[in-house]
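Subject: Structure handover

Hi,

Here is the structure for you to look at. Please open it before you read on.

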Amino acid sequence: MAVRLPLDSRAYRYQFTIALDGVEVGLRVYWLPRCAGWYLDVLTSAGEDVATGIRITPAAPLAVPGSWEGAPPGRFVVTGPARYGRLDLGSQVQVWYLTADEVEAAG
């Protein structure tokens with residue numbers, strides 16, 4: 001079943017860990033005012049950076065590499081309006097993790 005990431009626009013920068021397909025993944029989420037967009041960094045369960053500076057862009061797959069050792073097998077997608085503001089994260093703008101089975105079924 002798809003997992004909606006628990007994103008919240010109240011803080012300009014925060015970090016959390018979430019289990020996706022049984023794999024612990026760290027996410028650092030932050031707003032960049034100059035770019036007027038939300039970004040995230042992906043971390044291993046040990047807190048090491050896997051990918052940084054990934055823009056959260058609705059109606060597009062999240063550009064997270066799927067090939068680091070221990071990566072969850074599914075994919076990330078973003079839903080929401082193409083143009084969004086800082087306070088839209090977690091409400092109008094959502095990031096979803098689709099399991100490997102869901103990705104294969106959509107295939």
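Below is what turned up, beginning with the charged pairs.

First, a caution: this is a predicted model. Every value below is computed from it.

**Salt bridges**

Side chains of opposite charge can pair when their charged atoms come close. How many salt bridges are there? The count is 3.

Start with Asp 8 and Arg 10. Their side chains form a salt bridge, with 2.4 Å from N to O. Asp 8 has a relative accessible area of 25%, so it is partly exposed. Arg 10 reaches 70%, which lies over the 50% cut-off, so Arg 10 is exposed.

Now go to Arg 28 and Asp 41. This salt bridge has an N to O distance of 2.7 Å. The two residues belong to distant parts of the chain. Arg 28 is in strand β3, and Asp 41 is in strand β4, which covers residues 37-43. They are 13 residues apart. Are these two residues buried or exposed? Arg 28 has 16% relative accessibility, so it counts as buried. Asp 41 has 5%, so it counts as buried too. Both values are under the 20% cut-off for buried residues.

Asp 49 also forms a salt bridge with Arg 28. Here the closest N and O atoms are 3.4 Å apart. This pair links distant parts of the chain as well: Asp 49 is in strand β5, Arg 28 is in strand β3, and 21 residues separate them. Asp 49 has a relative accessible area of 48%, so it is partly exposed.

**Arg 28 and its surroundings**

Which residues are linked in a network of salt bridges? They are Arg 28, Asp 41 and Asp 49. Arg 28 takes part in the bridge to Asp 41 and in the one to Asp 49.

Look at Arg 28 again, and turn to its polar contacts. Its side chain makes one with the side chain of Gln 15, at 3.4 Å. The side chain of Arg 28 makes another with the side chain of Asp 49, also at 3.4 Å.

What else does Arg 28 touch? Set aside its neighbours within four places in sequence. Arg 28 is then in contact with Arg 13, Tyr 14, Gln 15, Tyr 39, Leu 40, Asp 41, Leu 43 and Asp 49.

**Two backbone angles to check**

Most residues other than glycine have a negative phi. Two residues here deserve a look for that reason.

One is Asp 21. Its phi is positive, near 55°. Where is Asp 21 found? It is in the loop between β2 (13-20) and β3 (23-32). Its relative accessibility is 36%, so Asp 21 counts as partly exposed.

The other is Ala 59. Its phi is about 65°, again positive, and Ala 59 is not a glycine. Ala 59 sits in the loop between β5 (49-55) and β6 (75-79). Is Ala 59 buried or exposed? Its relative accessible area is 75%, so Ala 59 is exposed.

Best wishes

Notes: Residues numbered from 1 in each chain as written. Predicted model: local features only at pLDDT ≥ 70, side-chain atom pairs only at ≥ 80, totals over all residues. Heavy atoms only, no water. Helix = DSSP H or I, 4+ residues; strand = E, 2+ residues; numbered from the N terminus. Buried < 20%, exposed > 50% of the residue type's maximum accessible area, 1.4 Å probe, protein only. Salt bridge = Lys/Arg side-chain N within 4 Å of Asp/Glu carboxyl O. Polar contact = N/O pair within 3.5 Å; in protein donor to acceptor, adjacent residues only side chain to side chain. Contact = heavy atoms within 4.5 Å.
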